Amino acid sequence: MVLPLVITLVVLLFAWPAGRTAPRDVPVGIVGTGAASQHAVEGLVREKPGAFDFHLYPDQQDARAAIENRDVYGALAISAHDITVLTAPAAGTSVAQLLREVGQQLADRAAQQGAAGPQSSAKIHVTALDVVPVATEDPRGVVFSSAVFPLTICAILIGAFVSTARGLRRPWHRLLTLLLACAAAGLGAYLVAQGFLGALPHDHLATWAVLSLVLISISATAAGLVRLLGHGGLGLSAALMVFVGNPFSGAGSAPELLPKGVDHVGQWLPPGAGASLLRDTAYFDGNGGSGHLAVLALWSVCGFTAVMFGRRITGRAPGGALTSGASLSSLPTSGAASPGRRHTHAHAHARRNDDDGRLRTLHAGR
């Protein structure tokens, strides 16, 4: 009965966020405060309540700067005759497509209501400009979103190996092996994503560092949980990172498109924070990535601490067995004889009594 329930829960965790994707407080810029902009905002608030979080900017230059600084996902510059949609596909192709659709809907509605002036039949022209585009080799961002899951799996495998390998007897040996393995795996992932597929074309060294940090945060957590909880820690880390962290990461869309609450949970876990930091680093010069960097650093430090001192804290080895110190404490002390020893003493005492009896008999015969 347990296995069907686990499978049902796993399917729910992966399918529910994807099936409930919709805009929720997506930061969007509005250029200008004219009548056309005001009518557009009022219409969007009325038709899509809670979908957007609007920020006003005096001109398109300021709106572009806000997009590049990761303050907003895009912006709408609305006038009486045209609408310019500023998007950042690098921040999320789903949000960029959503903003294009919103711009077209606003244009169609304005044309129907005669917002273009006396010529009510005039069609409002819509222009879409990509302020921060994705790589031309990965126009839909598929390579980027597909990399999070295998990175998570590889990191957990590294953590499992480091925490259970018999050749790594000292904690600092484990940490050094973990760091080297994650750096090598991060380099391999970068060579595939950029060198072979061309999906991460900017800031090569920083992007490699972020990939390595994502691997370190997840693998250190897995290794630390194994050191603390034994083999059960490996299952816990897999459940936390794979079945919660990945579907709640928003890597395939955007955190603001996930159900309420899920977006925050995902960004506090390494897969979600790592995907966001990778976007910030690869396309936005690190803007908006300080919080995600802090999350990854926190998980890494906690994992390192557990790897270094977990055995001392719990008194257990990675396999769950008691360590030598705990085993010695469970042995009988010198003042309490074990059953085997009591049996030996009793046998020796009986032999002494029997020998004494024979001596007494011989003495009486003499």
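Biologist: How do the residues lining the largest pocket divide into nonpolar, polar and charged?
Modeller: The model is predicted, so local features need pLDDT of at least 70 and side-chain atom pairs 80 or more, while totals for chains, interfaces and linings use all residues. Numbering runs from 1 along each chain as its sequence is written, and side-chain values use heavy atoms, without hydrogens and water. A pocket is an open set of points on a 1 Å grid over the protein atoms alone where a 1.4 Å probe fits, with protein on both sides within 12 Å along at least five of seven lines, and lining residues have an atom within 4 Å of a point. With Ala, Val, Leu, Ile, Met, Phe, Trp, Tyr, Cys and Pro as nonpolar, Asp, Glu, Lys and Arg as charged, and the others as polar, the lining holds nine nonpolar, seven polar and nine charged residues.

Biologist: Which element gives the most to this lining?
Modeller: Two helices (DSSP runs of H or I, at least four residues) give two or more residues each: α10 (262-267) and α11 (270-283). The most, four residues, comes from α11.

Biologist: Is Ser-212 buried or exposed?
Modeller: Ser-212 sits in helix α8 (residues 204-229). Because its relative accessible area is 8%, and buried means under 20% with a 1.4 Å probe, protein chains only, Ser-212 is buried.

Biologist: Which residues does Ser-212 contact, leaving aside neighbours within four places in sequence?
Modeller: Contact means heavy atoms within 4.5 Å. With those neighbours set aside, the partners of Ser-212 are Cys-182, Ala-183 and Gly-186.

Methods:
Buried < 20%, exposed > 50% of the residue type's maximum accessible area, 1.4 Å probe, protein only.
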